[in-house]
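Please examine the sequence and the structure shown below before reading on.

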Amino acid sequence: MADQALRRQVEALRLAIADHRYRYYALSDPTVSDAEFDTLMAELRALEERHPELDDPSSPTRTVGAPPAGPFAAVRHRQPMLSLDNTFTPDDLRAWFDRTERALEGAVVRYICEPKIDGVAISVSYVDGRLERALTRGDGREGEDVTPNVRTIDGVPGWLELGEAPPLLEVRGEIHYPLAAFEAMNAAREEVGEPRFANPRNAASGALRQKDPRKTAERPLRLICHGLGAHEGLPATAHSGFLEVIADAGLPVAAETQSFDDPEGVFGFVEYWREHRHDPDYEIDGVVVKVDDFGQRRRLGATSSAPRWAIAFKYPPEERETKLNDIFVNVGRTGKVTPFASFEPVVVAGSTLQLATLHNEDQAQMKDARPGDTIIVRKAGDVIPEVVGPVLGLRKPEVQAAGPWRMPTTCPFCGSPIQRLEGEAASYCTNIDCPNRLLESLAHFASRGAMDIEGLGYETAKALLEHKLVRNLAGVYRLTVEDVLQLEGFAERSAQLLVDGIQASRDRPLERLLVGLGIRMIGGTVARIIARRFGTMRAVREADEVTIAAVSGVGPIRARALRQFIETPRNAELIDELATLGVRMDSEAAKRDDTLAGWTVVLTGGLEGFSRDEAKQAVEDRGGKVTSSVSKKTSAVVVGTDPGTKAAKADQLGVPMLDEAAFVRLLETGALPD
């Protein structure tokens, strides 16, 4: 029999796991990593297996999720929404194959595999083809009704595009935050003093559980479907067939999904995605392996918490130790002072890291990493370099005695005071003419997403300022070939090319100029919205804060930032000076046509004449929509160099595929080639 100490240990584990589940599923605010949670679960499961007398039907090892909580109605799932058992080693995965094939008495088994998306589990029900309800996992028996919010997510159809829809089709999937959009949102939150989301999964969960669906609609959430719940009249006998049906119906599925006739193919898939887990624009924390045939699934059955016909192979988090050399600060184009950690080079997730932002003074002090510390480094969301924290057990006495790092009180570039605004997490250099601020502004002004001045990169901008050839952004339009020849590395031809590039940039539309000016909170998307609404810089300058805030997609915070920029006398003088020098002050977006109204376009591979953002903007400016996944609803797929799996998917579904020349003709005519 188990002694009291062991019982207390098991009960403590159960309570801790239940609390972590509640924070993860109900509050979207976990306090431990997935790997730490999995370790706790494995410890509890091992103790329960060794001591069956401690069995408890309510143990976390026999339940899933957490009870619904908050403002949403609890609704019972038609079919329990189970979790998956996890495995972490090839030996454990092979043991699962052996158990599965023994249970099926030697029958031929086909396996289907997909990347495991680290998102928010959702169940979406369609009745007679019409979206009826969307529920979170909850505790597996009941979930929260978030239907109005899910309806706002791009790619979730209100009706299934099937000739004869099943009377009932319940589809399970993951709602996730695309990684590029996640980082852009975190940067925007930091600008206004709001805390950063720890990872895309938390951000997606918070966005999905907004009381106001309009708030959810503002977030670029996406759904990928991967599972089947309750159903009637489904014309499929295997999971692979089910995926084909829902893809034809307009539901998004993972293009990376593959089937295999033997375990060795599955092992190859697992190893491939271990190396390529950073390729997709969503977080992958493993691979899910399933038995394909529905009849075999019924024979295998399920436990109280997980099906026996599926398993998740989870990858370990990629974290490395290195030495922190120093913490320094940089001044950006808005004057914001950002602390950075500089450490010994270390390879994490396939790339060498030496720098990582600490975001702001509060974040730096919370982590309390000090020069000389051994620190843990990872990629947040498997993308962004991040200092997790110091290894306190390895901290040297002299590092401890030196005390925590403090934000400097004066700017290292100009000596002006550094000020932290009330109510904000960010600190700012108070000197609008700070040389590093101007350097960052000039490099940004010339960047591809702004005025796109070929040849005017960071080093050239630095040289122009050091030679005092440019004193503000408008100064670039006064440069001559003779001026540029003063810079090291420039000859007659290269100097002429730079000046020609500067002159060509005068004709960039208003939306590019708004980005180039470096206005807080005004990125490419918002700049296009503003340019399309107002049409000219004059109209933007005359619009009051209330008018700007009322524009869909802008809002009061961005409107206030824009008005503050425009009302600053030095900025107003800069805009006037740019106009005098012939820089364009109106918008192409305001002249938008409807050539591609109703079109849905997917882009894959590289294009010579367009960046990805430029191609997307070209479609949107003609009334079309660009999506990330291919389905029967897709009007055309633009295929560039080195296309991904989307081209194969388009070929499979019979969706028209266009090369770059055909894409240009489509933009001009709104018609597919004969």
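The paragraphs that follow treat a sheet first and then a helix.

This is a predicted model, in which local features need pLDDT of at least 70, side-chain atom pairs count only at pLDDT 80 or more, and totals for chains, interfaces and linings use all residues. Residues are numbered from 1 along each chain as its sequence is written, and side-chain values use heavy atoms, with hydrogens and water left out.

Five strands form an open sheet with mixed pairing, in the order E2-E11-E10-E3-E9. Strands (E, at least two residues) and helices (H or I, at least four) are DSSP runs numbered from the N terminus, and two strands pair if DSSP finds at least two bridges between them. Because E2 (86–87) and E9 each have a single partner strand, one side of each edge strand is left without a neighbour in the sheet. E2 and E11 run parallel and are joined by two bridges; Thr-87 stands opposite Phe-313 in E11.

Helix H3 packs on this sheet, touching E2, E3, E10 and E11. Helix H9 also packs on the sheet, touching E3, E9, E10 and E11. Contact means heavy atoms within 4.5 Å.

H9 comprises residues 263–276.

Methods
Expected span 1.5 Å × (residues − 1). Axes fitted to C-alpha atoms, helices over the stretch in contact; angles between N-to-C directions.
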